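I opened this notebook to keep track of what I looked up, one topic per entry. The model I am working from is a predicted one.

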Amino acid sequence: LGFGTGLNFLATWKIWKETRSSDSQRLHYISCEKHPLSQLEIRRALQPWTEISDLSEKFLQKYSGPLPEGIHRLQFEDGVSLSLLIGDAYQKLKSVVFPRSVDAWFLDGFAPQRNPAMWSPEIFQTIRSLSGEDSTFSTYTSAVFVKRAMEANGFEVEKIKGFRRKREMLKGKLKSTPHTKKNSIPQSFVVVGAGLSGIAAAYALSKRGANVKIVDRAAEICSGASGNDIAIGAPVMTTLPSMQTRFSLAAFMFVQQLIQDFPNVFCQRGALQFS
């Protein structure tokens, strides 16, 4: 909760690289941010953290902030993907269909007294509803009302020594109940049709660690209606913001950062449209 400069994400990515036991394991990091920073602001803020400078650069190559409101996905090596929910945290968390329950929460979206909206009863209830068996949380704060709110929503909470000069902080784990959700994701898929939609779906599933088989009557991909020699992709832009505009722009920005992984397939030339 609260992406900020991305420091928590980069620290998690670093630990993930060092500790994951299998190449098939995936890390999906989801974060909310109401006031996204620019690429330059984040670059300046991360300069002191030289131990993650290589990951910072890989992140900034794909981050073109400040991002518009909506949901934006960035994908990286090591089986890592980042979903940024830009807008009000409660509204975004309630509107997203999570593919699985959350394993771990980093609660800090700035101090409770400075950003009370990120510590509302609705936020705590949403955390509980999105958590699954053995979900954990940690937070820099040790505020009593945070401890009580997490306990009221089914978490076992303990105070531990804080970082650096911080005396105490909180961490905890969801109590298991007969109704606690367990994560279960299919590992094998069959995609019918090897057009643009089919290969895009197969690629997305493979990035999530799934085994994918594509079935098509043709011997080569994109041999039917998707078989144009050159295709142009452009976002739908409107004078006033709308759901269609947000979705189209988010999809276009995703394609832009995806292009970097396939330089021999896509070209980024740009076009000028007069209306």
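Entry 1: I then located D134 in strand β5, which covers residues 131-139. Its phi is near 70°, which is a positive value in a residue other than glycine. I noted beside this that most residues other than glycine have a negative phi.

I next turned to C222, whose phi is near 55°, again a positive value in a residue that is not glycine.

**Entry 2: a cis peptide bond.** I looked up the bond that joins G65 and P66 and found a cis peptide bond, with omega at about 5°. As a reminder to myself, most peptide bonds are trans. P66 belongs to the loop between α3 and β2, the latter being residues 70-75.

**Entry 3: Q75.** Is Q75 buried or exposed? At 6% relative accessibility, Q75 counts as buried, and its place is in strand β2. Leaving out residues up to four places away in sequence, I listed the contacts of Q75 as K62, V80, S81, Y203, K207, F254, Q257 and L258.

**Entry 4: α1 against α3.** Two packed helices are described by the angle between their axes and the distance between the axes, so I looked up both values for this pair. The axes of α1 (residues 7-19) and α3 (residues 53-62) come within 10 Å and cross at roughly 120°, and the two helices are therefore oblique to each other. The crossing in which α1 passes α3 is right-handed. On the α1 side the contact involves F9, L10, W13, K14 and K17, which meet L55, S56, K58 and F59 of α3. Sorting the residues of this contact by type, I have five nonpolar, one polar and three charged.

**Entry 5: α2 against α3.** How do the axes of α2 and α3 cross, and within what distance do they come? For α2, residues 39-46, the axis comes within 11 Å of that of α3 and the crossing is at roughly 175°, which makes α2 roughly antiparallel to α3. From α2 the contact takes Q39, I42, R43 and L46, and from α3 it takes S56, E57, F59 and L60. By type, the residues of the contact of α2 with α3 are four nonpolar, two polar and two charged.

**Entry 6: nonpolar cores.** Which residues have the most contacts inside the largest nonpolar core? This core has 23 residues, and those with the most contacts inside it are L1, W105, L107, I127, F137 and M150. At least two of its residues are supplied by each of α4 (89-95), β4 (102-106), α5 (121-130), α6 (144-152), β6 (155-161) and β7 (168-174); the largest share, four residues, comes from α5.

Technical notes
Residues numbered from 1 in each chain as written. Predicted model: local features only at pLDDT ≥ 70, side-chain atom pairs only at ≥ 80, totals over all residues. Heavy atoms only, no water. Axes fitted to C-alpha atoms, helices over the stretch in contact; angles between N-to-C directions. Parallel < 35°, antiparallel > 145°, perpendicular 65-115°, else oblique. Left-handed = near helix turned anticlockwise from the far one by under 90°. Contact = heavy atoms within 4.5 Å. Nonpolar A, V, L, I, M, F, W, Y, C, P; charged D, E, K, R; others polar. Core = buried A, V, L, I, M, F, W, Y, C linked by side-chain atoms within 4.5 Å. Buried < 20%, exposed > 50% of the residue type's maximum accessible area, 1.4 Å probe, protein only.
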